[in-house]
Every structure is written in structure tokens, then in C-alpha cells.
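Please read it alongside the sequence and the model.

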Amino acid sequence: FWALHGLYAASLCKPVLVLGVHADRMGTLSRVLVKKLFKKARLVTVRDTHTQHIFRSMGRDSQLFPDLALFSHPVFPKHDNSHEKYALISLKYIRNFNSSLIKIFVQLCEYITSKYGLRIRFLPLDNGGYDDTAVAYKIFDQLANNKLVAVLKYSSDLRTVLSQFKTAECV
């Protein structure tokens, strides 16, 4: 599913960074989509060496996540504060979403807001068995300046979701 998000953002000429993903067995369609995304992505980071090996076999090198130093990488465009611009973060609950990961996302959000002047919008992807909104609020609650952050409501309406991608500075 993350590959579709990245490809859609790329189709809107948005900078695409694939950050902290995990991959296991992929079907044919998933492999094709991920390979297309790799051609568009400016940077790819992974959660584990297993995923790193899978991606390397697909022809893409990646970096292990988390390392917040990568956010000083020049792939992040410079922005002015003259308009209300935002970075869209689509969260998907993972089983081991622990306090360390929450702290990393807090640091990432604070870095993006202070360095690039962007607001943050969390886009939940699921409200089924695990509530992505709950994870976003755990991050939101720990932010020093959470006035620059919004947790969007879950929506199954594709137009609503895609409109968030269209107006984002980066996804």
C-alpha cells in the first residue's frame, strides 16, 4: 500500500522519500509497483537488514532507519512560510510501534516544522483492527509545539484522501 502512496505523490510531482519501510514476500504486482517507486524515490530507508537485502536484490540500495541525521539530506526542499504548507505523514500501525519509535517521529516532526517551516498532517490509513489515529495522537501528545500538527480523521473516501496528497509539499 505504501508503494501506491509514493507513486501517487510522484505523479503529482511531489518529492518522494520512502522512509522506514518493511518488506517481506511480495506478489508480482507489488514488486512491479515497488520497482517503479524506487525509480522516483529520492531516498529509501528500511527498518531491518532483511528488507535491505530484498530491496538490494531488486536493484535499490537503502539505508537502515531510524537515523534522523538523514533528514538533513539535501533532498528536502527549502520552503518559505508565506503560505500554510504541510508535510503529509501517512501512518500505518505496526505491531512494535513502541515509545522509541514515537520519540523518533516526534523528533522528525519537530525537525520538519522548525527547519522547513512546514506544518504536519497525519493521515491515518486504517481504523480497523488497529487504529492508526491512536498512534498519531501518541506522537501528537509528545510534541512541544503541537499547534503546527493536525491528526486528520480516517476517511474511506478516495477523493478526500487524494486531495491531501495533492496539496502537500511532501509525503
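Phe38 is buried (under 20% relative accessible area; exposed is over 50%, partly exposed in between; 1.4 Å probe, protein chains only), at a relative accessible area of 6%. This is a predicted model, in which local features need pLDDT of at least 70 and side-chain atom pairs count only at pLDDT 80 or more, while totals for chains, interfaces and linings use all residues. Residues are numbered from 1 along each chain as its sequence is written, and side-chain values use heavy atoms, without hydrogens and water.

**Aromatic pairs**

- The whole structure holds 4 aromatic pairs (ring centres within 6.5 Å, using the six-membered ring of Trp; planes under 30 degrees apart are stacked, over 60 edge-to-face, the rest tilted).
- Phe38 and Phe55 are edge-to-face, because their ring centres lie 4.8 Å apart and their planes stand at 70°.
- This pair links distant parts of the chain, with Phe38 in helix 2 and Phe55 in helix 3 (residues 49–57), 17 residues apart.
- Phe55 is buried, at 0% relative accessibility.
- Tyr111 and Tyr116 also form an edge-to-face pair, with 6.1 Å centre to centre and 70° between the planes.
- Tyr111 is partly exposed at 24% relative accessibility, whereas Tyr116 is buried at 4%.

**Helix packing**

- Helices here are DSSP runs (H or I, at least four residues), numbered from the N terminus.
- Residues of helix 1 that meet helix 2 include Trp2, Leu4 and Leu7, and those of helix 2 include Leu33, Val34 and Leu37 (contact means heavy atoms within 4.5 Å).

How values were computed. Helix = DSSP H or I, 4+ residues; strand = E, 2+ residues; numbered from the N terminus.
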